[in-house]
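Please look over the sequence and the model below before reading on. The report is meant for someone who has not seen this structure before.

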Amino acid sequence: MTQAHLPLTDFIEYSAAEMLTRAQDNYQQVKRRHSIRAFSDRAVPQAIIEQCILAAGTAPNGANHQPWHFVAINRPDIKMQIRQQAEALEQAFYAGRAGAEWLDALKPLGTNADKPYLEHAPWLIAVFSKKRMEEAGEQKSNYYVHESVGIATGFLIQALHHAGLGTLTHTPKPMSFLSKVCGRDNDNERPYMLIIAGYPADDATIPQHAVQKKSLDEICDFI
Ligand code: IYR
């Protein structure tokens, strides 16, 4: 049996001229998003993070199973644990586990194993993916989990940027320690990414090469 459908009442139609202006404005806004690695410890109200996570939860996803879970971390003791464990992993990564080619690719970023921002930034948002949907004792498979959680994470980053916060995506490898620290150590959930959010530090910089984006010709064909 097909499920009930509702009329699409919240679609807003714009003229082609308005659409072009809106698309241009959006591009100008999103191109001002840069990953930053120096965060201020200024507090950011939880209510802002809540709205951004609600926005992430609207992402298109497989069969509307919404195969994600977010853990928004503000507690200094938990942030400290994450910093300690992430830095230990990164030390091994930068000491050689990454391999020469990868380390070479990271040179322009100037990154190293020190991750003070994991303690300084007011919010760390751990994104988890869920293999199955658990519903009143029932277990159903989730679909396109990686794609769905990737889109939701993109929505989250965009929402945080739009709200006026600086962000960084962080993927310590392996990330399994996050499951334990966040109390999500179960067979169904996997850590997907850690998003750091807060005000940029006064001396925050971006790598010069980070602003060099490929041209439209390079990234797109119209056929
Ligand atoms: N996770 C490491 C290394 C790193 C890897 C990539 I690919 C980046 O774009 C940036 C960093 C770190 O956080 O330093």
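This is a predicted model: local features need pLDDT of at least 70, side-chain atom pairs count only at pLDDT 80 or more; totals for chains, interfaces and linings use all residues.

Residues are numbered from 1 along each chain as its sequence is written.

**Confidence.** pLDDT is the predictor's confidence in each residue, from 0 to 100. The protein chain has a mean pLDDT of 96, and 100% of its residues reach 70 or more. For the complex, the predictor gives an ipTM of 0.93 and a pTM of 0.96.

**Overall make-up.** Helices (H or I, at least four residues) and strands (E, at least two) are DSSP runs, numbered from the N terminus. The protein chain contains eight helices and six strands, and along the sequence they follow the pattern α-α-β-α-α-α-β-β-β-α-β-α-β-α. The C-alpha trace spans about 55 × 50 × 40 Å along its principal axes. UniProt, in an unreviewed entry, lists residues 30-199 for "domain: Nitroreductase"; its positions are given in the numbering used here, feature names are shortened, and annotations may be inferred rather than shown by experiment. Over residues 30-199 the chain is 41% helix and 22% strand.

A residue is buried if 20 or more other C-beta atoms lie within 10 Å of its own, exposed if 12 or fewer, and partly exposed in between, with C-beta atoms placed from the backbone. Of the 223 residues in the protein chain, 25% are buried. A nonpolar core is a set of buried Ala, Val, Leu, Ile, Met, Phe, Trp, Tyr and Cys residues joined through C-beta atoms within 7 Å. The largest such core has 38 residues, and those with the most contacts inside it are Leu 124, Val 127, Leu 156 and Ile 196. Elements giving two or more residues to this core include helix H3 (76-97), strand E2 (123-130) and helix H6 (145-163). The largest share, seven residues, comes from H6. Two residues are in contact if their C-beta atoms, placed from the backbone, lie within 7 Å. Leaving aside neighbours within four places in sequence, Val 127 has contacts that include Trp 68, Phe 70, Val 149 and Tyr 192.

A residue is near a molecule if its C-beta atom, placed from the backbone, lies within 6 Å of it. The residues around the ligand are Glu 90, Phe 93, Leu 106, Leu 109, Thr 111, His 170, Thr 171 and Pro 172. By class, this shell has four nonpolar, three polar and one charged residues. Here Ala, Val, Leu, Ile, Met, Phe, Trp, Tyr, Cys and Pro count as nonpolar, Asp, Glu, Lys and Arg as charged, and the others, Gly among them, as polar.

**Local backbone features.** Most residues other than glycine have a negative phi, and most peptide bonds are trans.

| Residue | Phi | Loop |
|---|---|---|
| Ala 63 | about 55 degrees | between H2 and E1 |
| Tyr 144 | about 45 degrees | between E4 and H6 |

Ala 63 counts as partly exposed because it has 13 C-beta neighbours inside 10 Å. A cis peptide bond, with omega about -10 degrees, joins Lys 173 and Pro 174. Pro 174 lies in the loop between strand E5 (166-170) and H7.
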